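Please examine the sequence and the structure shown below. The paragraphs that follow lead through the chain one topic at a time.

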Amino acid sequence: PLQQVPQQEINESFDHAFLLFITSSVNSREVYSSLNSIRKLLSNATTKESSDDRYRRVRLSNPKIKSAIIDMPGGLDIMLSCGFELAEQEKDEDGKAETFLVYPADRITPDWISLALQQMKNYADNKMENV
């Protein structure tokens, strides 16, 4: 069956990333799980208290994050298009850098983020209904 393409244009970079995401994987459960993770991270970053770093920092070496965002084509692009930035931070004594996605505390959340969150939810829910 043909993939259902989102009807509503939200933001050019988000639309492109979302289209890449939904057309690159045939595994409905992976898409559903990844979209739910992305939605939760984005929602937390944009609605929780901005002074709490744990809602605005995502460690990319985390296995769950890696499979939900990094390993899914378009996943990282969705996060970046929604305002997250890549940042490296040095570890303790070994000096190895670790990469994070960070949503800056002073970032003004774009008006279209709520539409993007809803579109991801609608697509994920529809994907699971058709499994």
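Phe 18 is buried, its relative accessible area being 1%; buried means under 20% relative accessible area, exposed means over 50%, and partly exposed lies in between, with a 1.4 Å probe and protein chains only. Phe 14 is buried too, at a relative accessible area of 0%. Both residues belong to helix H1 (residues 12–24), where they stand four residues apart, about one turn of the helix. Helices (H or I, at least four residues) and strands (E, at least two) are DSSP runs, numbered from the N terminus.

This is a predicted model, in which local features need pLDDT of at least 70 and side-chain atom pairs count only at pLDDT 80 or more, while totals for chains, interfaces and linings use all residues. Residues are numbered from 1 along each chain as its sequence is written, and side-chain values use heavy atoms, with hydrogens and water left out.

How many aromatic pairs does the structure hold? There are four aromatic pairs. Rings of Phe, Tyr and Trp (its six-membered ring) pair if their centres lie within 6.5 Å; planes under 30 degrees apart count as stacked, over 60 as edge-to-face and the rest as tilted. Phe 14 and Phe 18 form a stacked pair, with 5.6 Å from centre to centre and 15° between the planes.

Phe 14 also pairs with Trp 112: the ring centres are 6.0 Å apart and the planes are at 40°, so this pair is tilted. Because Phe 14 lies in helix H1 and Trp 112 in the loop between strand E3 (97–102) and helix H5 (113–129), the pair ties together parts that are 98 residues apart in sequence. Trp 112 counts as buried, at 15% relative accessibility. Ring pairs link Phe 14, Phe 18, Trp 112 and Tyr 123 into a cluster.

Ile 10, in the segment before H1, is buried, with a relative accessible area of 14%. Leaving aside residues up to four places away in sequence, Ile 10 touches Asp 15, Trp 112, Leu 115, Ala 116 and Gln 119; contact means heavy atoms within 4.5 Å. Ile 10 and Asp 111 are 101 residues apart in sequence, and their C-alpha atoms are 9.8 Å apart in space.

Rings also take part in another arrangement. A charge sits over a ring if NZ of Lys or CZ of Arg is within 6 Å of the ring centre and within 35 degrees of the ring normal. Arg 57 lies over the face of Phe 100, at 4.0 Å from the ring centre.

The next topic is helix packing. Helix H2 (residues 28–47) packs with helix H3 (residues 63–70) at an angle of about 105°, and their axes are 8 Å apart. Axes are lines fitted to C-alpha atoms, for helices over the stretch in contact, and angles run from 0 to 180 degrees between N-to-C directions. H2 and H3 are therefore roughly perpendicular to each other; angles under 35 degrees count as roughly parallel, over 145 as roughly antiparallel, 65 to 115 as roughly perpendicular and the rest as oblique. Residues of H2, including Ser 34 and Leu 41, meet residues of H3, among them Lys 64 and Ile 69.

For the chain as a whole, the secondary structure comprises five helices and three strands, in the order α-α-β-α-α-β-β-α from the N terminus. Of its 131 residues, 37% count as buried.
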